[in-house]
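Student: Please take a close look at the aromatic rings here. Which of them pair up, and where do they sit?

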Amino acid sequence: MEKDQEKILNEVTQGDYKYGFYTDIETEAIPKGLNEDVIRTISKKKNEPDFLLDFRLKAYNHWKKMRMPEWAHLKIPKIDYQDIIYYAAPKQNPKLKSLDEVDPELKKTFDKLGIPLDEQKILTGVAVDAVMDSVSVKTTFKEALAELGIIFCSFSEAVQKHPDLIKKYMGTVVPYSDNYFAALNSAVFSDGSFCYIPKGIRCPMELSTYFRINAANTGQFERTLIVAEEGSYVSYLEGCTAPQRDENQLHAAIVEIIAEANAEVKYSTVQNWYPGDKDGKGGIFNFVTKRGICKGDYSKISWTQVETGSAITWKYPGCILKGNNSVGEFYSVAVTNNFQQADTGTKMIHIGRNTKSTVVSKGISAGRSNNSYRGLVKIMKNAKNARNFSQCDSLLLGDKCGAHTFPYIEVVNPDAIIEHEATTSKIGEDQIFYCNQRGISTEDAIGLIVNGYAKEVFNKLPMEFAVEAQKLLQITLEGSVG
Amino acid sequence: MLSIKNLFATIDGKEILKGIDLKVQPGEVHAIMGPNGSGKSTLASVLVGRDLVKVTKGEVTYKGVDLLKLSPEERSLAGIFLGFQYPIEIPGVSMVNFMKTAVNEHRKTKGLDPLSAGDFLKMMRERKNLVEIDSALTNRSVNEGFSGGEKKKNEIFQMAMLEPELSILDETDSGLDIDALKIVANGVNRLKTSKNATIVITHYQRLLDYIIPDKVHVLYNGKIVKSGGKELALELEEKGYEWIKKEIN
């Protein structure tokens with residue numbers, strides 16, 4: 001029996017990362033290292049207004065004084081920040097008028113990833129902003145959205161065309177001084193997506209950003225800013241992959257969401273950065289700060305994430321519930337296998353009256369991985385009648401992996417009702433045997449059980465992506481049994 | 001169809017089966033009776049390939065194949081079904097999804113295409129009627145929150161869906177009230193054909209009032225100590241297992 005388990009666990013390690021290819025494309029990069037000149041160079045390349053360069057320099061000077069956080073349940077190898085390239089861009093005509101001008105190699109890359117940049121080919125009605133290394137390659141359906149007054153474009157383009165909006169909102173939810181990686185991102189970020197939904201508009205399609213790291217030795221630092229004006233609605237999806245490399249690559253992103261009164265923003269992530277090989281070599285270090293503010297009354301922000309990739313994940317998408325009766329939600333499935341480490345969860349900060357938050361976190365650990373949930377629920381003084389419900393479940397596959405839960409609850413208003421439920425389970429051998437006895441292989445049995453376990457979260461994803469996420473989960477766990 | 005020869009098996013090093021011989025032909029119903037701890041469930045476990053039981057000696061052939069060489073799922077796909085004594089709960093996995101996966105695996109083995117969602121639901125409805133099972137059961141997660149009786153009925157329903165050639169029902173009658181017992185027995189009887197065989201493992205004679213066995217075997221201390229027709233079950237009921245023990249000693 002032991003031997004069988006060993007054998008099956010070993011098979012896990014052969015589960016291939018199918019996005020590990022590299023596109024040979026001419027890249028323009030600046031030399032390795034980080035200093036003020038590098039920041040000035042990035043800002044100049046992007047032809048940025050002065051306020052943005054100021055912001056970057058302030059962030060950089062703040063970052064220099066900071067130390068890398070060590071509180072997470074992660075073993076992080078030393079990162080040499082002078083050994084990273086902070087700007088790399090596929091060389092191409094900077095102003096694209098039509099898709100024909102996109103480098104065919106680039107188009108092929110995104111086709112291979114299942115992200116067609118050709119609007120005619122898109123069946124699902126999803127508008128895509130494709131970001132490769134440091135720059136946005138192409139944004140689809142821009143014109144159609146513009147008719148409704150919706151702005152959906154790369155961050156760089158927004159800086160040029162809507163500097164007032166950027167100036168007004170950037171850094172208001174995640175200030176550059178927020179944390180070490182937020183400061184780093186604020187200093188060197190190169191691109192990302194910007195999305196603005198005007199008052200009363202319901203965005204008719206899913207908006208999606210697809211991030212791809214391609215160049216070697218490069219860090220990816222993008223930021224996304226979503227502004228939903230009063231009474232508007234948008235559903236946003238983010239996906240990401242990277243080539244298979246032996247060295248670790250750094251990804252430090254920021255996402256900021258602002259929801260005005262009665263606005264609703266749904267933000268979904270299917271994170272599939274390269275996780276490293278079966279011996280824990282290579283993989284992306286994913287240090288991300290995501291936060292939304294429910295600024296107006298009755299506003300709502302939902303985070304849904306399916307985390308399957310990265311060697312290390314450090315990520316706590318949160319909601320600041322400032323408006324009265326505002327709602328924050330966090331639904332997460334985090335899967336770790338082999339030597340992956342994840343420390344992820346959420347922060348729900350209740351400021352307004354009658355604010356409500358829901359947290360559903362499903363951790364799945366296999367191989368020798370470690371998976372931690374870390375969540376903060378904070379009820380401030382004026383948050384009368386605040387409510388939170390948190391449910392944190394862990395599922396273990398095998399006996400060499402770990403699951404950990406670190407809930408933090410801070411309450412200063414006696415009206416608050418807070419519930420926290422947590423379970424830890426193991427896929428039982430008898431469950432697998434029961435499936436076997438009905439003719440279902442062990443692989444498929446695990447797929448069934450794990451997908452059943454994570455269903456509650458998958459149901460929150462836009463339909464097409466739920467299917468993709470399910471498949472991804474199965475690939476990630478290929479072969480792992482407990 | 002099934003031939004067991006001089007079978008010895010251990011659990012955690014302890015010898016439980018001590019030389020079993022049994023032959024089952026298509027169309028037959030065999031009842032295996034015996035006191036607690038005699039090795040009835042162990043025998044069922046060997047037949048379906050539970051790895052906690054180690055076969056130390058003997059052979060088992062099923063339709064001409066060495067059964068002991070097949071994995072548990074291969075045995076299922078070859079037509080062997082076990083009605084579990086304690087059916088397992090699988091939270092989050094719907095009965096529909098579970099059965100659909102199982103049925104399509106069986107179809108794949110037979111070279112058939114997977115059933116469409118519509119055809120599958122139709123099949124489910126038909127089989128539910130056949131075994132008189134409440135619709136609500138199949139809308140829930142596998143066995144989750146089912147009562148003891150519901151779990152047993154669910155086993156018979158799964159048997160109806162998978163149409164096995166050899167069914168082994170391990171103490172299917174335990175924990176059933178008389179109405180549920182009748183439903184389960186009727187299900188088994190309706191699924192009976194001249195091509196399939198059933199092994200009913202039971203402690204009591206009660207179930208055999210409804211499922212009429214062709215042969216009855218008494219298992220005691222890891223061996224089949226007595227075999228006979230259906231009247232053996234009645235005799236056993238009347239005289240108790242002490243009678244067998246005395247007769248052997």
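**Aromatic pairs**

Tutor: In this predicted model, A:Tyr176 counts as partly exposed, because its relative accessibility is 23%, and the buried class stops under 20%. A:Phe55 falls under that limit: its relative accessible area is 12%, so it is buried. A search of the whole structure, over all chains, finds 21 aromatic pairs. One of them joins these two residues: the ring centres of A:Phe55 and A:Tyr176 are 5.8 Å apart and the planes stand at 85°, so the pair is edge-to-face, since that class begins over 60 degrees. The two residues come from distant parts of the chain, 121 residues apart: A:Phe55 belongs to helix H3 (residues 50-65) of chain A, and A:Tyr176 to the loop between helix H7 (163-169) and helix H8 (180-188).

A second pair is formed by A:Tyr81 and A:Tyr180, with centres 5.8 Å apart and planes at 70°, so it too is edge-to-face. A:Tyr81 is in the loop between H3 and strand S2 (88-90) of chain A, while A:Tyr180 is in helix H8, so this pair ties together parts 99 residues apart in sequence. A:Tyr81 has a relative accessible area of 8%, so it is buried. A:Tyr180 is likewise buried, at 8% relative accessibility.

A:Tyr81 and A:Tyr180 also belong to one aromatic cluster, whose members include A:Tyr60, A:Trp63, A:Trp71 and A:Phe181.

Charged side chains meet rings as well. The charged end of A:Arg223 sits over the ring of A:Phe189, 5.2 Å from its centre. A:Arg374 lies over the face of A:Phe406, 4.5 Å from the ring centre.

Note on methods:
Residues numbered from 1 in each chain as written. Chains lettered and ligands numbered in written order. Predicted model: local features only at pLDDT ≥ 70, side-chain atom pairs only at ≥ 80, totals over all residues. Heavy atoms only, no water. Phe/Tyr/Trp six-rings, centres within 6.5 Å; stacked < 30°, edge-to-face > 60°. Helix = DSSP H or I, 4+ residues; strand = E, 2+ residues; numbered from the N terminus. Buried < 20%, exposed > 50% of the residue type's maximum accessible area, 1.4 Å probe, protein only. Lys NZ or Arg CZ within 6 Å of the ring centre and 35° of its normal.
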